Amino acid sequence: MPGVAQVAVDVRHPDARKEYSYLIPDELMINVGDVVQVHFNNSRVNGIVTGLSDGSEVLINVKMKYILKKESITLSPDFIGFCRKLAEYYGSSLIDFLKLMLPPRANKKQEAIYTAVVTCENLPDKAVNQKRVWELVSTSGGLSAREISQRTGLPVSSVQAALTALIKKNILSKSYRVIDRKPEIPAGERRMTPLNLTQDQVLALKKIFANLENQRKTILLYGVTGSGKTEIYTRTIEKVLNQGQKAIVLVPEISLTPQMLAIFQTRFPGRVAVIHSRLSAGERFDEWHMIYNGQADVVIGARSAIFAPIKNLGLIIVDEEHESSYKQAEHPYYDARAAAIFRARMQNAALIFGSATPSVESYYKVVTGEYLLVKMTKRASGMPLPELEVVDMREELKAGNRHIFSRKLVSSIKQTLSCNRQAILFLNRRGHSTFVICRDCGFVLKCPHCDISLTYHFDDKSVKCHYCGYRVKAPDICPVCGSSHIRYFGAGTEKVEQEVCRLFPGVKALRIDADTISKKGSLERILSSFRKGDAQILIGTQTVAKGLDFPKVSLVGVITADTALNMPDFRAGERTFQLITQVAGRAGRADFPGKVLVQTYCPESFAIKAACEKGITKFYREELKNRQKSNYPPFCHLLNITLTGSKQDMVEKNATEVKNMLCEITEGGLEIYGPAPAPRYRVKDNYRYHVLLKSKKVETLIKVEEFLKAMKKQRDIKIAWDMDPQDLL
């Protein structure tokens, strides 16, 4: 009896994405982790071997299929276990996570090169181009058409014609070489040699190294903005590499990747790979194989880098660990921070979470002794943290100032520019105006497919939905009453840019938001340009708040601090505190003190006060007290169930049935809320209802996920669930 392999198959139908038994042909040596091809429903599909047996348990009357082919890629059994843990925790299929550990569908990039075969001295006089090409190739050899064109000055088309003729005459030969598609670092980003350590850094490293040798507890590295956490990361990685192990460094935003990549490539030349979604499929393919073949000792990237196929892993670093962008917001749902914990345990690797504003959950784990706290409370430059000042915009209105810039901010920008320094203006909302209204009848322009007002974009005079992409030309008259009194209210980054141009003519400003960084490389170019001093003011959404280092920035203006505060989410206060603290940290990082102005219509908010007074401990204690009172994380786990469909009554009916079934099948210790319409009630012509579950035991919610898997097969509407959701919208 041939052996049997359990294979997780990669098929489209969600109910078929399981593990199936296949016979192993005698001519194939199959191991756990092998990528194979198998027959499934008369199609050839890929799969990954997740288990092996001798076949003794196979039923005699069951006709089984054989594995067709073994590919060249094999995942480590540790990786299989890691993905299985994630699939169980998030209630997903194993193949959904195994696929994240495989390379994208691409091939090695090859380039034709040409070498001389024989000596050639009798080419006709008219063959001038052939002579020039042959003379160059015969002396240099191994050149591509592009390189020959660059060296001779001939057009590529002329070079190609000459090469074709020379090959036909058997004077030259053609072969191929593989081109490494290495992502480039923008000019001006390569920097950073080892720095002299501050006393804070020396003590931090001592504590971290001791933990590496003994307890191997998860470390929370709390360091104020500019305290030199990156230097701690590089020194810790050096120690791990010297022990023959490797490291993964996660960053929350692609914007941070060039900065970190420049630093790490300088410190570990030729040993660093990068993975993130802005890479082309070819670049990602090459980086993946560099990691898989053991040529990379350090992997840097956004959340997907946690699935890098790196063996002998000794360290995982999660920078800016508080960021919600570590949570994958589409199937398969996962949190890269939780995945880092699972992987560190699976491969016995050390784990460091770093932040100037740790998540409430991480702070709580320090309080309970689960995490080891390492603190750095002073900036590495020796400069003090910037002073934060609250500007009450209600008082501005009383004084007759109806602009988005307070008088204080305008005068501070003028002073900053006069000193030849730079400023950052932060507003976490893109577009020009957040809604369009008729002042005669009160009609608000809304998306016909989503329950949300349309945002006005000045650049192309259109109104857009930021959820489904719907876009139309901005109206001149009201579609309801025909009035021409159309007005634009609210402010986005486009409006801030427009105001900067109006108030400070001749001053160059750059803008970073989803509209300006959609093209590959655009974000890196903007950041590099600002760092070099090509512009005096940088305007942006939350991307500018995350770990970026601009030595000449002395002023930060938070245009509206209330944006996140007013969201219907229990994390609203935490996010407001973190955003203000983080964006404030971009000021005064080098040779001159920083200043931060926080404009708000709610200066009495505890989160805003705590951020401006640098009362980090006070904030976390108060936030934990409120979370415990309302039974929110970290005092429980959440599972958010979302039901979606095109018919509102059907969605509501199914949501009620799901809630009733859960009440019947679950034991004590589970709180069920809803069903209720989601805050984002209608998106892309689909209605959305939520059922929210709370439990102190995550195992209880994992059982619910198994129940939901079976239930969704019987429903006409879509059921999705999200363990440990980062927002409830």
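How many salt bridges does a search of the whole structure find? The search returns 33 salt bridges, a salt bridge being a side-chain nitrogen of Lys or Arg within 4 Å of a carboxyl oxygen of Asp or Glu. The model is predicted, and local features need pLDDT of at least 70, side-chain atom pairs count only at pLDDT 80 or more, and totals for chains, interfaces and linings use all residues. Residues are numbered from 1 along each chain as its sequence is written, and side-chain values use heavy atoms, with hydrogens and water left out.

Among the salt bridges is the one between the side chains of Glu-389 and Lys-408, with an N to O distance of 3.7 Å. Glu-389 belongs to strand β17 (residues 387–392) and Lys-408 to helix α13 (residues 407–418), so that this pair ties together parts 19 residues apart in sequence; helices (H or I, at least four residues) and strands (E, at least two) are DSSP runs, numbered from the N terminus. Glu-389 is partly exposed at a relative accessible area of 31%, and Lys-408 is likewise partly exposed at 35%, where buried means under 20% relative accessible area, exposed over 50%, and partly exposed in between (1.4 Å probe, protein chains only).

Helix α13 also contributes Arg-407, whose side chain meets that of Glu-396 in a salt bridge at 3.2 Å, N to O. Because Glu-396 lies in helix α12 (residues 393–398), the pair ties together parts that are eleven residues apart in sequence. Glu-396 is buried, with a relative accessible area of 6%. A further salt bridge joins Arg-682 to Asp-685, with the closest N and O atoms 3.6 Å apart, and Asp-685 is partly exposed at 37% relative accessibility.

Not counting residues up to four places away in sequence, Ile-641 touches residues including Leu-662, Tyr-689, Leu-708 and Trp-721, contact meaning heavy atoms within 4.5 Å.
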